[in-house]
Amino acid sequence: MSAQHWQTVNGNITSSDLNEVQFVTNQIAYAIGNNGTILKSSDGGSTWADISYGDSRNYQGIFFFDAESGFVGGPFSTAGGGSSEMLAKTEDGGQTWDVRSSFNFSNFNDIEFLDSQNGWVASADGDILFTSDGGESWSSVTAGTENLLDFHIVNDTTFWVAGESGSLYKSTDAGASWESALQIDTVSYGGFQSLNSSDDLYNIAFADDQTGYVIGETYNSGFVGFILKTTDGGSTWSVIDYEFEHLFTTSNWAVMVKLFLPEEQIALLKQLKMPSCTPLMTELPGK
């Protein structure tokens, strides 16, 4: 698949960097970013409204249960140094927000919920935070030592988390324990060198319990994006020859992979550190 298959959905949405997007229906979508940015689309991404409520933190995580109810969260500052993490919840589609609490998470990179009570946050230093009371209180479990960037729930018991330094972990007991699911330096990238432990994995998504995708970035005379695919539930992974290296001309690029509902198409969001944030969408080949 080449560049002509990409299309701009909406340009110049905001001057702030965007960090994540979620479609809860094929029409209703939410996006979050730096400087307290929260956006909403009611027409499938054609237009976006600013529903920010005045907070200035850089939002990293978003999870909506439906078109009306969901969480946004993130640290007050991404510079570290003891900044507090916060969750805010809306139950009216972003018209009003209830700030739940501040937490001493080591970082706040992604949030996912299994149901209205049970949720998880991908954090730093291999930590995964979890709640069983709808976000009122949180405990932690350790998966590894890396900065974890993206959390994905496949079903009631199978969870995945991806992160920096080639880290990819899987749980088959609803997050109680975790095991490494990828030795990244054994994966070869076509005509390039093999991937290595310095390569970061930004996002993970499964279309079903067997077929999943991971997006990452490696270096080969410049930063190059890659997509890993599994068709056996994560036992083995291979690189899709996707030809989107042009998205990674500098280290300031990143991409996100999310499953659209109800069509379950894959959306890629080109974002981060650009003067005008322009999302792009396409469908992955071989899905």
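Predicted model: local features only at pLDDT ≥ 70, side-chain atom pairs only at ≥ 80, totals over all residues.
Figure 1. A polar atom of the H152 side chain lies 3.0 Å from the backbone nitrogen of F206. Leaving aside residues up to four places away in sequence, H152 touches T158, F159 and W160, and also I204, A205 and F206.

Figure 2. Four strands make up an open sheet in the order β14-β15-β16-β17, and their pairing is antiparallel. Strands β14 (148–153) and β17 (179–180) stand at the edges; each has a single partner strand, so one side of each is left without a neighbour in the sheet. Within the sheet, strand β15 (residues 159–163) and strand β16 (residues 168–171) run antiparallel and are joined by four bridges. F159 stands opposite S171 in β16.

Figure 3. Y169 lies in strand β16. With a relative accessibility of 9%, Y169 counts as buried, because the class covers values under 20%. The side chain of Y169 makes a polar contact with the side chain of E146, at 2.8 Å. Which residues does Y169 touch, not counting those up to four places away in sequence? They are A143, G144, T145, E146, L148, F159, W160, V161, W178, E179, S180 and A181. One of them, S180, is 11 residues apart from Y169 along the chain, and the C-alpha atoms of the two are separated by 4.5 Å.

**Figure 4. The stacked pair of Y30 and F64.** The structure holds 14 aromatic pairs. In one of them, Y30 and F64 are stacked, with 3.7 Å from centre to centre and 10° between the planes. Y30 lies in strand β3 (residues 29–33) and F64 in strand β6 (residues 61–64), so the pair ties together parts that are 34 residues apart in sequence. Are these two residues buried or exposed? Both Y30 and F64 are buried.

**Figure 5. The edge-to-face pair of F65 and F71.** The ring centres of F65 and F71 are 6.2 Å apart and their planes stand at 70°, so the pair is edge-to-face; planes over 60 degrees apart count in this way. F65 is partly exposed, at 29% relative accessibility, whereas F71 is buried, with a relative accessible area of 0%. Both residues belong to one aromatic cluster formed by F63, F65, F71 and F113.

Figure 6. The protein averages a pLDDT of 76, and 71% of the residues score at least 70. Over residues 1–6 the pLDDT is below 50, and this stretch has 16 contacts in the model beyond near neighbours in sequence. Over residues 242–287 the pLDDT is also below 50, and that stretch has 159 contacts in the model beyond near neighbours in sequence.

Terms used:
Residues numbered from 1 in each chain as written. Heavy atoms only, no water. Pairing = 2+ DSSP bridges. Helix = DSSP H or I, 4+ residues; strand = E, 2+ residues; numbered from the N terminus. Phe/Tyr/Trp six-rings, centres within 6.5 Å; stacked < 30°, edge-to-face > 60°. Buried < 20%, exposed > 50% of the residue type's maximum accessible area, 1.4 Å probe, protein only. pLDDT = per-residue confidence, 0-100. Contact = heavy atoms within 4.5 Å. Polar contact = N/O pair within 3.5 Å; in protein donor to acceptor, adjacent residues only side chain to side chain.
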